[in-house]
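Have the viewer open and follow along.

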Amino acid sequence: MPFCELNTSVPKAKVDESFVKEFSQLVANIVDGPEKGVTIQVNPDQIIIRAGSMEPSAIAEIHGYNPDYFTDVMREKWVVSLTSFLSEKLGITDHGRIIVSFHHKAPTHVGIFGKLVSQMKPK
């Protein structure tokens with residue numbers, strides 16, 4: 001399942017527990033999977049300059065080992081969904097200040113439950 005890191009210059013006061021929970025649910029919906037497989041890390045109060053401006057910004061990094069999450073169609077779904085969500089929830093109205101970056105990982109480069117994903121048997 002995907003793990004997502006969001007760095008944003010938006011203050012922590014605007015990034016509460018309900019935001020993180022909604023973000024997790026959104027990611028589960030994007031990949032059409034259970035939320036129990038989603039990991040979210042949010043880093044508010046970051047110093048970010050974009051296009052010479054310190055206006056509110058966000059950088060969402062999507063990591064995962066399932067190639068189905070990184071097809072052209074899925075990457076477009078990620079970008080559209082995350083841009084809309086982050087704009088609405090964080091008040092970043094300039095969509096050029098929301099960046100989504102993708103990192104497809106080999107199963108030999110991800111570990112969970114004390115094992116590499118490549119060593120885990122499918123259920």
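## Salt bridges and helix packing

Glu-17 and Lys-21 join their side chains in a salt bridge, with N to O at 2.9 Å. Keep in mind that this is a predicted model. The two residues sit four apart in helix H1, so about one helical turn separates Glu-17 from Lys-21. How open are they to solvent? Glu-17 counts as exposed because its relative accessibility is 55%, over the 50% cut-off. Lys-21, with a relative accessible area of 47%, is partly exposed.

Next up is a bridge between helices. Lys-89 pairs with Glu-22, and their closest N and O atoms are 2.9 Å apart. Lys-89 belongs to helix H2 and Glu-22 to helix H1, so this pair ties together parts that lie 67 residues apart in sequence. Both partners are partly exposed: Lys-89 has a relative accessible area of 32%, and Glu-22 comes in at 29%.

Asp-72 is exposed at 57% relative accessibility, while Arg-75 is partly exposed, with a relative accessible area of 28%. The count for the model is four salt bridges; here are three of them, side by side.

| Pair | N to O distance |
|---|---|
| Glu-17 and Lys-21 | 2.9 Å |
| Lys-89 and Glu-22 | 2.9 Å |

Now for the helices themselves. Two packed helices are described by the angle between their axes and by the distance between those axes. At what angle do H1 and H2 pack? Helix H1 covers residues 17-31 and helix H2 covers residues 72-90; they pack at about 160 degrees, with 10 Å between their axes. An angle over 145 degrees counts as roughly antiparallel, so that is the label for H1 and H2. As for handedness, H1 passes H2 in a right-handed crossing.

Over on the surface, there's a nonpolar patch formed by Ile-47, Ile-49 and Met-54, which together have about 380 Å² of accessible area. Ile-49 is placed in the loop between strand S2 (39-43) and strand S3 (58-64). Is Ile-49 buried or exposed? With 58% relative accessibility, Ile-49 counts as exposed.

Val-38 lies in the loop between H1 and S2, and Val-38 is buried, with a relative accessible area of 12%. Val-38 is 14 residues from Ser-24 in sequence, and their C-alpha atoms are 6.4 Å apart in space. Val-10 is found in the loop between strand S1 (3-8) and H1. With a relative accessible area of 2%, Val-10 is buried because that value is under the 20% cut-off. Val-10 and Asp-72 are 62 residues apart in sequence, and their C-alpha atoms are 29 Å apart.

Terms used. Residues are numbered from 1 along each chain as its sequence is written. This is a predicted model: local features need pLDDT of at least 70, side-chain atom pairs count only at pLDDT 80 or more; totals for chains, interfaces and linings use all residues. Side-chain values use heavy atoms; hydrogens and water are left out. Patches are made of residues with over 30% relative accessible area and no salt bridge: like charges are joined within 9 Å, nonpolar side chains (Val, Leu, Ile, Met, Phe, Trp, Tyr) within 5 Å. Accessible areas come from the Shrake-Rupley method with a 1.4 Å probe; for residues, only the protein chains shown count as cover. Buried means under 20% relative accessible area, exposed over 50%, partly exposed in between (1.4 Å probe, protein chains only). Axes are lines fitted to C-alpha atoms, for helices over the stretch in contact, and angles run from 0 to 180 degrees between N-to-C directions. Angles under 35 degrees count as roughly parallel, over 145 as roughly antiparallel, 65 to 115 as roughly perpendicular and the rest as oblique. A crossing is left-handed if the near helix is turned anticlockwise from the far one by less than a right angle, and right-handed if clockwise.
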